[in-house]
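Hello,

Here is the structure we talked about.

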Amino acid sequence: MSEKKKILLITTAHTGCGHKSISDSLMDWFVEMPQIEVKQVDGFEDLVGKSVTALGDSYGVVTRHAKFLWKMTWDFGTRFNETYCSLMSTWAEKRFIDMVARERPDVVLTTHPMFNSSLITVCEEHGLDLPFVSVQADPVSVHPSWCDPRSALTVCATDEAVERTLSYGVPRERILKVGFPTRRRFTDMAQRVEKPAYDFSRPARCLLMSGGEGSGMLGSYARELMNKTDVNLTIICGRNRQLKKRLESLLKPKYGERVRILGFVTDIENQMYESDIMITRGSPNSFFEAVVMNVPLIITGALPGQEQGNPEFVERYGLGVASHGVKSLPGIVKRLLENDGAELTRIREAQQKYRRFDNAKRIAEAARDLALQR
């Protein structure tokens with residue numbers, strides 16, 4: 001039997017859960033490929049110093065309480081991408097070269113933009129002929145650090161991402177448009193169990209969430225919705241334990257069993273399956289998972305920079321609707337439910353046409369094939 005080819009997969013859990021979710025979706029398929037061995041590492045923990053890792057860990061605090069700082073960081077990285085990548089090259093160079101010497105990968109696959117162009121530059125400076133596959137995590141507002149013409153393959157999730165990637169100089173023949181990769185726990189369940197239509201004999205079940213870090217105005221949205229509709233509400237706070245405690249004291253005394261408040265959950269696919277409407281910010285992992293699970297979406301906003309085009313994207317393809325402020329949410333929910341849920345049905349049909357269950361598999365196969373050519 002021939003020697004296995006090795007893929008070095010660089011991801012991270014230090015800037016929210018999205019990048020790790022993508023790498024997990026790929027690992028779901030890599031483990032079924034006998035020709036491939038995958039070494040998965042956290043780029044912040046394993047390649048850069050503690051001070052840079054601390055910046056990654058600040059993601060949750062900044063996105064909850066100082067979105068203007070996140071916007072400044074995004075804008076800086078966009079305008080001064082070469083400077084940004086040069087700094088990362090310096091910080092990661094020694095550890096990355098040591099890792100390459102130790103692991104001897106045939107392909108490097110990245111799911112975070114900080115470890116794309118920067119590490120390609122390190123390879124060039126050390127005379128390493130090592131192909132990179134960049135799997136983008138943003139469907140619309142693609143940061144230039146995702147888009148390096150030197151990458152062997154840049155994987156885009158949408159037509160919008162392809163056009164943005166082309167505008168940064170990546171040759172079309174090095175771009176693969178696949179669709180957003182979703183973990184098998186979602187795709188397998190969606191294929192195994194058909195989600196039933198809304199049952200009008202009971203109040204609608206709404207799922208309110210805002211990413212793994214629990215950022216956003218969940219309390220304000222919850223009170224407005226509970227006061228002005230008869231829905232039952234499940235709120236997922238993510239890792240933000242302080243938020244969970246605050247919402248429990250704020251909402252449970254008044255609304256009782258109408259509201260459930262959860263922290264970080266490991267069965268989010270079941271929560272989506274049981275919900276008639278999902279209300280979330282424009283985090284692509286969350287809303288693409290909802291599309292796979294066929295849950296009509298209400299998008300409450302987006303992080304400036306990387307998510308700013310996502311609400312309009314959801315509306316453009318009929319996958320959900322955007323809510324422009326807290327006060328508009330109850331009216332949107334009522335509109336979705338009126339006329340025997342005609343709008344809910346329309347959204348669900350659009351999601352069924354749009355979704356694909358094999359995106360992660362196709363990306364894993366492309367990386368495998370590239371490695372087998374070495």
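**Packing around α10**

Helix α10 (residues 218-228) packs against helix α15 (residues 329-354) at about 50 degrees, axes 8 Å apart. Axes are lines fitted to C-alpha atoms, over the stretch in contact for helices, and angles run from 0 to 180 degrees between N-to-C directions. Helices are DSSP runs (H or I, at least four residues), numbered from the N terminus. Y221, E224, L225 and K228 of α10 make the contact with L329, P330, V333 and K334 of α15; contact means heavy atoms within 4.5 Å.

This is a predicted model, with residues numbered from 1 along each chain as its sequence is written. Local features need pLDDT of at least 70, side-chain atom pairs count only at pLDDT 80 or more, totals for chains, interfaces and linings use all residues, and side-chain values use heavy atoms, with hydrogens and water left out.

α10 also meets helix α11 (residues 241-255): the axes come within 10 Å and cross at roughly 15 degrees. That makes α10 roughly parallel to α11 (under 35 degrees). From α10, L218, G219, A222, R223, M226 and N227 take part; from α11, L243, L247, L250, L251, K254 and Y255.

**E269**

E269 sits in helix α12 (residues 268-273). E269 counts as buried, at 11% relative accessibility (under 20% relative accessible area, 1.4 Å probe, protein chains only). Beyond four places in sequence, E269 touches R185, F186, M189 and M293.

Regards

Key
Helix = DSSP H or I, 4+ residues; strand = E, 2+ residues; numbered from the N terminus. Buried < 20%, exposed > 50% of the residue type's maximum accessible area, 1.4 Å probe, protein only. Parallel < 35°, antiparallel > 145°, perpendicular 65-115°, else oblique.
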